Amino acid sequence: MYLLQPGCVGNINEYGEYENEDCAKANEVVKKLLVEFDQKIKFNFRHFPLTKIHQRSLKAGEAAVGAAQAGKFWEMHNLLFQNRRQLGTTSLKLYSKEAGVVNKAFLNQLVDSFYGQEVHDDISEGLHKGVRTIPAFFINDEPYTGKPTFEELKKQLN
């Protein structure tokens, strides 16, 4: 059983990646939900790159984890979705600067897969929970099988 904090109406976990169009659409839905519920929902993004289809999604996930170390996850997360067709390693370094990450070793860390274990941990967790396609949502730790539209997810949280 998942216990909610006082005033919280729900917890949403999403498994996704940055090159997937459906994940990009879901990101816009989640942003609207976060505004609508104004800090009454807790949202967690878990990396689940489909590397057989999107070869750059793994490094993009690592870049997001690296940005998180500097407190800039959400800035980087949104930039990665905005630029999902240009996720080469050099571009990821530029996006990190745009997100406000000040880490001279960022590019080397990406090349060396310094943050790779965190992404692989998310993948393992997702597989354990039965994730096979993305975006995959869990609301209050229960799998959500409907379409991830604003209206449908909002209904689940009310």
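**Close-up views of a predicted model**

**View 1. Tyr15, Phe48 and Phe138 form one aromatic cluster.** Rings of Phe, Tyr and Trp (its six-membered ring) pair if their centres lie within 6.5 Å. Eight aromatic pairs turn up in a search of the whole structure. This is a predicted model, so local features need pLDDT of at least 70, side-chain atom pairs count only at pLDDT 80 or more, and totals for chains, interfaces and linings use all residues. Residues are numbered from 1 along each chain as its sequence is written, and side-chain values use heavy atoms, with hydrogens and water left out.

**View 2. Phe43 and Trp74 make a tilted pair.** Ring planes under 30 degrees apart count as stacked, over 60 as edge-to-face and the rest as tilted. Here the centres are 5.7 Å apart and the planes stand at 40 degrees. Phe43 belongs to strand β2 (residues 41-47) and Trp74 to helix α3 (residues 73-82), so the pair ties together parts 31 residues apart in sequence. Helices (H or I, at least four residues) and strands (E, at least two) are DSSP runs, numbered from the N terminus. Phe43 is buried, at 9% relative accessible area. Trp74 is partly exposed, at 39%. Buried means under 20% relative accessible area, exposed over 50%, and partly exposed in between (1.4 Å probe, protein chains only).

**View 3. Phe45 and Phe81 meet edge-to-face.** Their ring centres are 6.2 Å apart, with the planes at 90 degrees. Phe45 sits in strand β2 and Phe81 in helix α3, 36 residues apart, so this pair links distant parts of the chain. Phe45 is buried, with a relative accessible area of 5%. Phe81 is buried too, at 3%.

View 4. Helix α2 covers residues 57-69 and helix α6 residues 116-128. Their angle is about 110 degrees, and their axes are 8 Å apart. Axes are lines fitted to C-alpha atoms, for helices over the stretch in contact, and angles run from 0 to 180 degrees between N-to-C directions. From α2, Leu58, Gly61, Glu62 and Val65 make the contact (heavy atoms within 4.5 Å). From α6 come Gly116, Glu118, Val119 and His120.

**View 5. Ser96 is buried in helix α4.** Helix α4 spans residues 89-99. The relative accessibility of Ser96 is 1%. Ser96 touches Met76, Val101 and Phe106, not counting residues up to four places away in sequence.
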